[in-house]
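Hi,

Here is the structure I said I'd pass on to you. Have it open while you read, and my notes follow below.

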Amino acid sequence: MSELKVLNSYTRQKEVFTPITPGHVGMYVCGPTVSGESHLGHARPFITFDVIYRYLLHLGYKVRYVRNITDAGHFEEEGRAAEDKISNKAVLEKLEPMELVQKYTNLFHWAMLQFNNLEPSIEPTATGHIVEQIEMIKAIIDAGYAYEVNGSVYFDVKKYAEHYPYGKLSGRILDEQLETTRDLDGQDEKRDKADFALWKAAPPEHIMRWVSPWGEGFPGWHIECSAMATKYLGGQFDIHGGGMDLQFPHHESEIAQSTICNKEVPARYWLHNNMITVNGKKMGKSYNNQIKLTEMFSGSHPLLEQAYSPMTIRFFILQTHYRSTLDFGNEALQAAEKGLKRLWEAYENLQKIETPQSDAQPDEALNKKVNDLLSEMDDNMNDDFNTAKVLANIFEIVPVINSIKDKHIPATALSVETFNRLKKYFHDYLESIFGLRSENEADNGKLGGVLDLLIDIRKDARSRKDYATSDRIRNQLQELGILLKDEKDGSVGYTFQ
RNA sequence: GGUUCCGUGGCCGAGUGGCUAGGCAGAGGUCUGCAAAACCUCCUACAGCAGUUCGAAUCUGCUCGGGACCUCCA
């Protein structure tokens, strides 16, 4: 079997993945800022890295997956600034900062559950690690790479760049940075415009504040990840993941901070997922084109023609390589929905087909084809997690499964070994690695029993050629979104639309 | 302006030198009480121009078009 290779943003090379400690992987992924509701774009990294996490587990690694919750410091709570201007009386009616953070954290966890994402091993919060962040800032000051001005602390990028390869990850050269005319907060305090805040003094009206050696304030944007990654994964760990838009300045700054504190680049492999776009433009705040996850699930957004289930979205994302942009579109989502349905039905059919007792007369060509397709799945997954190609292979096998089910091909066409391998691969890839699951409502509960009863009654009607009754049952069920299918062997299946 | 990525058939998307990617849609067919589903077949594209090569969607150059980052951002 091929070995796992990943495209390392840090070196821009596809490299063989070799963990620092054999058998163990430490992975840090930048988590959500819980100042608002997650949108479709946010779903991409969490699904992408969930699949990577699952695949590493599948390969037998013991993985410590750390994904933070950014609940402190640098964000503006939605609507707060505006409200403050409108009325000071509203203060008492407003949510406490931690109340707001709790609300969106809960909502985020709910969305992750909908997507069937595994929980990270550790999900540290920024507010829970103020002490660690302060200690780290102190160490950077002691090392001579940060300075304090009016209760704020800034990282000395220019000095760092003299000794370390600043800009290596994001591919930029310090001198070529655009002269910004923007009047950023604290700009006049910085020695150099490239410097970034490690700690910010809190103005009196700022609610989130902590005591520090430099006065009351809050941590800078980048330090939390450095502090928490160091604490739980050590000075250097294996994988650091996140969206491409975090490469600069966030990850570049993380590298600088951690390098000063830990004397080494924090992560060996930097993986970045690309953006989800709408009409070619990145989904994000600045373009005002976000579709919230709750809106995706309910279909309540002007851009949406219908609701899209969590599994449809997950599948939609997996149909593209994680490093490519993925353009949102109703047609594309609907294609994903239908494709997933066909795929899942084939998977369910496969589970129902009895593995032949012995090799009768296997079709050599077909056996080879199936086995080659299965083996390629591993190769494709090992090639920087090419889930799109894996799915293509799976789809090529779908007609084989359905043909066996419909008796177009005898089950004995596949050898026992191939059959078992096929079942194992479909289970491993679809459920364990891709994290897909059935959204069929009748899988549990009493609906399945009711349907079986109706199917039974309809069968009687049909045997009497009472098609009025049988069609009535089928048509009415269809109006409810339940589709009956008469199979070749006389049995009746159903699917939910 | 700097750095960088991309432009694939009606839509979405793999693919980095030769071999049908795949999904969805569309057309025809098989099956079926009728459907649906499934299966079979078809639709064979690579922004433009020039070059390298026996051979290019894939390499090089230029042109056009779009995006990302440089500011909060997944």
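Let's start with a pair of helices: E132, Q133, M136 and I137 of α4 are in contact with I223, E224, S226, A227, M228 and K231 of α6. Sorted by class, that contact holds five nonpolar, two polar and three charged residues. One thing to keep in mind as you look around is that this is a predicted model.

How do the two helices cross? The axes of α4 (residues 130-142) and α6 (residues 223-233) come within 9 Å and cross at roughly 100 degrees. Angles of 65 to 115 degrees count as roughly perpendicular, so that is the word for how α4 and α6 lie to each other.

**Around the RNA**

Next, have a look at RNA strand B. It has 69 residues around it, and the closest are G41, G243, S324, G339 and D486. Which helix gives the most to this surface? That's α12 (residues 387-405), with ten residues. As for the classes, the surface near RNA strand B is made up of 24 nonpolar, 26 polar and 19 charged residues.

**A pair of strands**

Last, find strand β3, which covers residues 24-29. Is β3 mostly covered or mostly open? Mostly covered, as five of its six residues are buried. β3 pairs with strand β4 (residues 62-67) in the parallel sense, over six bridges. If you want a place to begin tracing them, take H24, whose bridge partner in β4 is K62. While you're there, remember that side chains in a regular strand alternate between the two faces of the sheet.

Cheers

Note on methods: Residues are numbered from 1 along each chain as its sequence is written. Chains are lettered from A and ligands numbered from 1 in the order in which they are written. This is a predicted model: local features need pLDDT of at least 70, side-chain atom pairs count only at pLDDT 80 or more; totals for chains, interfaces and linings use all residues. A residue is near a molecule or strand if its C-beta atom, placed from the backbone, lies within 6 Å of it. Helices (H or I, at least four residues) and strands (E, at least two) are DSSP runs, numbered from the N terminus. Ala, Val, Leu, Ile, Met, Phe, Trp, Tyr, Cys and Pro count as nonpolar, Asp, Glu, Lys and Arg as charged, and the others, Gly among them, as polar. Axes are lines fitted to C-alpha atoms, for helices over the stretch in contact, and angles run from 0 to 180 degrees between N-to-C directions. Angles under 35 degrees count as roughly parallel, over 145 as roughly antiparallel, 65 to 115 as roughly perpendicular and the rest as oblique. Two residues are in contact if their C-beta atoms, placed from the backbone, lie within 7 Å. A residue is buried if 20 or more other C-beta atoms lie within 10 Å of its own, exposed if 12 or fewer, and partly exposed in between; C-beta atoms are placed from the backbone. Two strands pair if DSSP finds at least two bridges between them.
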